[in-house]
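Colleague: I am new to this structure. Could you walk me through how to read its features?

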Amino acid sequence: MSDLLQYFPIENPTMVFFTVLIIILFAPIVMSKLRIPHIVGMVLAGVVIGKYGFNIIERDSSFELFGRVGLLYIMFLAGLEMDFAGLKRNLRSVGLFGVLTFALPFVMMYFAAIYLLHYSHIASILLCCIMSSNTLIAYPIVARYGLQKHDISVLSVGASMLSLLMALVVVAAVVGSYDGGGSLGYWVLFVLKFFGYCVFIFFAIRSLTRWFLRRYSDAVMQFIFVLSMLFMSASLCEIIGLEGILGAFFSGLILNRFIPSISPLMNRIEFIGNAIFIPYFLIGVGMLINVGLLFEGGGIIFTVLCIVIVGTLGKAMAAYLSCFMLRMPWLNGHFMFGLTSAHAAGGIAIVMIGMNLTTVSGVSLIGHDMLNGVVIMILVTCIISTIITDASAKRIILTDPNYARRMEEGDDEKILIPVKYPETCNTLVNLAIMMSNHHLNRGLIALNVVYDDDDAEVNQRKGQQLLDSVVSRASAMDVRVQTQVRLATNIGNGIKHAFKEYDCSEIILGLHVHDNSSRLFWGDFAQSVFNGLSRQIIIARCTQPFSTLRALRVAVPSRAEFEPGFYRWVERLCRFAASIGCRTEFNGRSETLRLIRQYVTNRHPHVRAEYTEMPKWSGVINLAQNTSSEEMLIVVTARQGTVSYKVALDRLPDELTNYYMGHNIMIIFPDQYGPPLDSMTFAAAQHTEQLSAYQMVLNFFQRFIRK
């Protein structure tokens, strides 16, 4: 046995990393069998392998580094996935819950620490800061259930950040008073530094991100840039005297606008965090916990029980009191309590700050009993938080009346993407994914049509390479893609035949960009496609990443509400606007705008929509002239013979070429009643031929009678 123990703790870096990966791999499997949240499994695994367990791995600098990154990552993702519209809508609720979830645990813990644990005032205040703040340890559970943008998640995350900010300010006040900096000048300087930090971070990150994303599309470079912004914000926050986790959350809020929730970049950020950094942090937290302390005597047990019961009771009272005052269902209170009740390594950091503060005699103000009590408290609160959050999140999903409706929306949705040019390929894929209903999980259909001529074989290979890049792009966002390279003597006919074979609901095309004349505005085959199909067709051109667009300006023709595809294109634009988080301005007649407003308010209340009356369609020219290069002009048009068609729409290519050439544009042909124009043209031709034959027979008999 002694021969075996000499190999522990493991010091070989390769074996250490291998052991951690095994834990990350098998902990969720074992915990799922026991019906325990995976996060608890990571923490318990850290307890087992740490020096207070079987001493398999020593908590070295790698755990400190990756653990710190994991904690920052959790806070960063919370800001990155925050619903700004929901935050604005619930700003007062966030303020109320934030104050209560800070004040109630703070006051209750202070009296318990003074009268039950007999701590000093400084030690009691630091313990109150630990229990009044919290770590969003259960946030990955929220993400797994897809509740990041739910109002209750926004409320809980916003309140957590507010309580954390207040707790860190109190800690800064304690440290400042011991460093001789508790004067008015100290606080004036602190406020100025914090204000300057917020202003600098806001404008610096926004400007740098917009500049970088417009110029560099490489996936690795974008990911490294985002991490750089995260750690720059966290580092500067520490420099001014606050915890870096607050800076990580700020950076997530700022980058929220530039990283769509459905995008390859967001997928990579979440994947790396959930696969490596966050599990490393959870395992590292578990390695700090010494369960054996509970068996050393009644003193530590009493300390742990006092901290856990009083602190957790304060968080519960804050959650349920806020729920009562805001007139929300008690299920929301369960969720709020679960998400805001956990404490992690941030609590240990505050205790260590207190232990570094010494009295004049050189004695530490905080003893090891408080450190041990806080460490055990972390394990207990993490278990409570994850179990309650998991159970309440599941019940919210099951009882949400809108969830089933979202699952059923758009049953016929099947999007076809014809691709021809590599430079527009990624734009079309991103647009299709942003506009699709992810609850249906139908995937996309990518098509490349090749002329059936002598070069067909070579062009087929090129087309397959282009489709492979589409599959790779969509796979980065976990979206399935069916592909087909098709031979045809006419590109437009090939697209139309594929559309009917796959029973598609709509097409997304790239706007022709290789000629600046209005004569070739639609390109070689686009006009044939939208004349030959009666279903929705979207033609788009974007000269910059979607995430850097500042606004969508939509021109809607009169009587558009009478078209059968009216709500389909409104739904697609709402999904698109929600994905990139920009402002959307609808321009049209008052009666049309009223229906659009009603639909957006009921189905997509988080979309920032504005409504401007445009009495005449000629206002499109002014709209185009006033649309900047950082905005997208979206024109809803109509085919001939439809209710909303007007002769002025025929001049659209000339007007867009003269007043809006080279900018971001999207043109939408909604679903229409009846057969497509090509079919009507063919029927008219047949009818004309029949009339001509009848006239020839009639003329023959007339000449015969005269004779």
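Colleague: In which helix is Leu164 found?

Modeller: One note before we start: this is a predicted model. Leu164 is found in helix α9, residues 151–178.

Colleague: Is Leu164 buried or exposed?

Modeller: Buried means under 20% relative accessible area. Leu164 has 5% relative accessibility, so Leu164 counts as buried.

Colleague: How many residues apart along the chain are Leu164 and Leu246?

Modeller: They are 82 residues apart along the chain.

Colleague: Now aromatic rings. What describes a pair of them?

Modeller: Two values do: the distance of the centres and the angle of the planes. Here the count comes to 23 aromatic pairs. One of them joins Tyr73 and Phe76, with 6.4 Å centre to centre and 75° between the planes. That pair is edge-to-face.

Colleague: Where do Tyr73 and Phe76 sit along their helix?

Modeller: Both belong to helix α4, residues 61–80. They are three residues apart there, so about one helical turn separates them. Tyr73 is buried, and Phe76 is buried too.

Colleague: What kind of pair do Phe566 and Tyr567 make?

Modeller: Their ring centres are 4.9 Å apart and their planes are at 70°, so this pair is edge-to-face. Now look at the cover on each residue. Phe566 has a relative accessible area of 1%, so Phe566 is buried. Tyr567 has 39%, so Tyr567 is partly exposed.

Colleague: Which residues do ring pairs link into a cluster?

Modeller: Phe17, Phe63, Phe66, Tyr73, Phe76, Phe277 and Tyr280. Tyr73 and Phe76 from our edge-to-face pair are in this cluster.

Colleague: Where is Asp455 found?

Modeller: Asp455 is in the loop between β2 (444–451) and α20 (456–475). The relative accessible area of Asp455 is 47%, so Asp455 is partly exposed.

Definitions and conventions:
Residues numbered from 1 in each chain as written. Predicted model: local features only at pLDDT ≥ 70, side-chain atom pairs only at ≥ 80, totals over all residues. Heavy atoms only, no water. Helix = DSSP H or I, 4+ residues; strand = E, 2+ residues; numbered from the N terminus. Buried < 20%, exposed > 50% of the residue type's maximum accessible area, 1.4 Å probe, protein only. Phe/Tyr/Trp six-rings, centres within 6.5 Å; stacked < 30°, edge-to-face > 60°.
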